[in-house]
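Please open the model in a viewer and keep the selection panel at hand.

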Amino acid sequence: MVPAAASFYLSFTEWDGLTAPVFNGFENIINLMKDETFIRSMKNTVIFTFLSVPLSIILAILVAVLLNQKIKGMVIYRTLYFLPVVTMPVAVGMVWKWLYNSEFGLINYVLGIFHLPQPEWLFDEKIALISIILVSVWMSIGNNIVLLLAGLQGIGTSYYEAAKLDGASRISQFFHITVPLLTPSIFFVFVMSMISALQMFDLIFIMVGTETSLLDPMRTVVYGVWESGFKYFEMGYASAKAFILFIIILIITVIQMRLQNKWVHYDS
């Protein structure tokens, strides 16, 4: 609570982290509204969030349903899907940075074997953000699978037995039984994934670093907070960015909580 209150106060000051903060009212907020770099980072964050979160959840649901079957060696499959979650983001970023290397990366090497286009994954502005999204989905899907798998195992078999007696197909069972009864777990995963995606920083920092030529298509709000605070020592300006992001996350979370009654079913 104290750090949050201190950050809120600093967002109304000019402070370099060394001298005493100087109160400047709403100057930081006004400057942010005119800051093209901040606006671009906000746009990137929104695009990243609204592409990565649905993709991660949809894939997690499908994989969780498959892993919920009684198949030999299922424990091994579940472990393999969860491994990215317990792997350090630094290690993940370094490995994927090598995989994406346009000259020596494994991905382009495989594409070259089949005479397919070999894009510059992190250097092409059109696909740079997509490249980060794919890594983020790969990292987060394991955690989502575990949470959704727990929800699936809480669904009673009687629903499926009754559906089979009525002649319902597997697809029909999935959309009319599995998905509706899984909505509490989906809702939790959705809220947590949205919050996490809006705070994306580590992968971009590891895979791009401070290379200005690569940052524009991938710079997020949290990266901008780090850049302002610890690269340019504009702590007040960085706090203002963090405060605006906090308000956005708060508003989105409140909206999600209010709308859950329209699609989340807690009766099982």
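A crossing is called left-handed if the near helix is turned anticlockwise from the far one by less than a right angle, and right-handed if clockwise. The model is predicted, so local features need pLDDT of at least 70, side-chain atom pairs count only at pLDDT 80 or more, and totals for chains, interfaces and linings use all residues. Residues are numbered from 1 along each chain as its sequence is written, and side-chain values use heavy atoms, with hydrogens and water left out.

Helices here are DSSP runs (H or I, at least four residues), numbered from the N terminus. Axes are lines fitted to C-alpha atoms over the stretch in contact, and angles run from 0 to 180 degrees between N-to-C directions.

**First stop: α7 and α9.** Select residues 128-152 (α7) and 170-198 (α9): their axes lie 9 Å apart at an angle of about 150 degrees. The two helices are therefore roughly antiparallel (over 145 degrees). The crossing of α7 past α9 is right-handed. To see the contact (heavy atoms within 4.5 Å), display Asn144, Leu147, Leu148, Gly151 and Leu152 of α7 with, among others in α9, Thr178, Leu182 and Phe188. The residues of this contact comprise 7 nonpolar, 5 polar and no charged. Nonpolar means Ala, Val, Leu, Ile, Met, Phe, Trp, Tyr, Cys and Pro; charged means Asp, Glu, Lys and Arg; the others, Gly among them, are polar.

**Second stop: along α9.** Where does α9 kink? Centre on Thr183, shortly before the proline Pro184, where the kink is about 55 degrees; the bend is the angle between axes fitted to the seven residues ending at a residue and the seven starting there.

Contact residues include Phe48, Ile57 and Val65 of α3, and Phe174, Ile186 and Leu198 of α9. By class they are 15 nonpolar, 5 polar and no charged.

**Last stop: α2 and α3.** Select residues 27-34 (α2) and 36-67 (α3), whose axes are 5 Å apart at about 70 degrees. These helices are therefore roughly perpendicular (65 to 115 degrees). Leu32, Met33 and Lys34 in α2 meet Glu36, Phe38 and Ile39 in α3, a set of 4 nonpolar, no polar and 2 charged residues.

Key: Parallel < 35°, antiparallel > 145°, perpendicular 65-115°, else oblique.
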